[in-house]
Amino acid sequence: MPPDKTRKLVRITTVPSSLRVLLSRQLRFMAGHFEVLAISSPGQLLEEVQQAEGIRAIPVAMTRSITPLKDLKALWQLYRVFKKERPQIVHTHTPKAGLLGMMAARMAQVPVRLHTVAGLPLLERQGIIRRILVSAERLTYRCATLIYPNSTTLAGLLVKNRLCKPSKLKVLGNGSSNGIDTSYFKTSDALLAQSNALRQQLPLHPGDFVFIYIGRLVREKGIEELLVAFTELTRRHEHIKLLLVGSYEPDLDPLSAEAMQMIASSGAIIRADFQQDVRPWLLLSHVLVLPSYREGFPNVPMQAGCFQLPCIVTDINGCNEIIIHGKNGLIVPVKDIQLLMAAMENLLLDKRLYQALSREARVNITGKYDQQEFWQLLLAEYQLQLQQLSLV
């Protein structure tokens, strides 16, 4: 059945990688029910999103930092797009796209204005920067008609920090922004072959116990604590490796010179850049470690769980909802190097614990975060918002 061209849905992120990775295939699904328009910063990746998702895309340059003149220009461009396209729904993700998209949508009198919150960068900021970020969040939420925190704990943080009224918040299902395709994140003969080939390239030895981190290589992800903990473990245990899979962000949240030197000098640490397909990397690993200071509802622990990897995460929103301590992983305090190291060593040495956590890992994810179910929940939410405004 072709989409109803009288109903137009606009999805916006600051950079197109968020559309490509965080919302993978969701836009194509929604295009079966709406005319879908994606907006993000220009580039080849936005064109790839357009092709992969089968939708229209419009480039609007947005920055992830505080840039008043560029932000005003982007706000005006978004307003003009909305006046021309006349969408019924604008749904934004990521902080800057949320601020500019919600403001422009309200100015253009878009009836349904939705914003997904996937994390609060302001929690790790101080002083004037924190005050600016608080004001930006509050303005975003005032301009929206409804806010979707992607975890229950995050919803609580929004209320606790007086950023948004509880009546304006709604968590879909068990959380997440896109669920997870459990049929895609599943072991197969083809994936095993890719993983074995990758093992030879890195190289890894059959007896190596492999910890893996996947994500941006920045301070707020706990990379520096992870490096110290792992380096100490290498002094006690041979045949352990740490895979760091992700890109640096030197302009936004750079690692210290000491941390960069630890990565460069250690023969037990293997770094790879951003990977479009992380499945082979997860298949050759034993434990995922995500010692982040803050998250929304991270995809990586769900992906790792699908491959029966126990996860070590910090006690923050999202992570402490996906991982149940002692059932499918271990939870440690933020920035606690000693307890992080103890958890890593525990899973390295305690085979019975490791196997018990591994057995529960995939079951937990498939039972709570299936992607198709999440898409249906979001579609029903769109329908509900339109019905309440007599727009269906």
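Ground rules for myself. This is a predicted model, where local features need pLDDT of at least 70, side-chain atom pairs count only at pLDDT 80 or more, and totals for chains, interfaces and linings use all residues. Residues are numbered from 1 along each chain as its sequence is written, and side-chain values use heavy atoms, leaving out hydrogens and water.

Overall size next. Along the principal axes, the C-alpha atoms fill a box of roughly 65 × 50 × 40 Å. The radius of gyration is 21 Å, which agrees with the value near 21 Å for a compact globule of 392 residues (taken over C-alpha atoms; the rule is 2.2 Å times the number of residues to the power 0.38).

H9 (residues 223–234) packs on H10 (residues 257–265) at about 45°, with axes 10 Å apart (lines fitted to C-alpha atoms over the stretch in contact, angles from 0 to 180 degrees between N-to-C directions). That makes H9 oblique to H10 (under 35 degrees is roughly parallel, over 145 roughly antiparallel, 65 to 115 roughly perpendicular, the rest oblique). Who touches whom? Glu224, Leu227, Val228 and Thr231 in H9 meet Ala259, Met262 and Ile263 in H10 (contact is heavy atoms within 4.5 Å).

Key
Helices (H or I, at least four residues) and strands (E, at least two) are DSSP runs, numbered from the N terminus.
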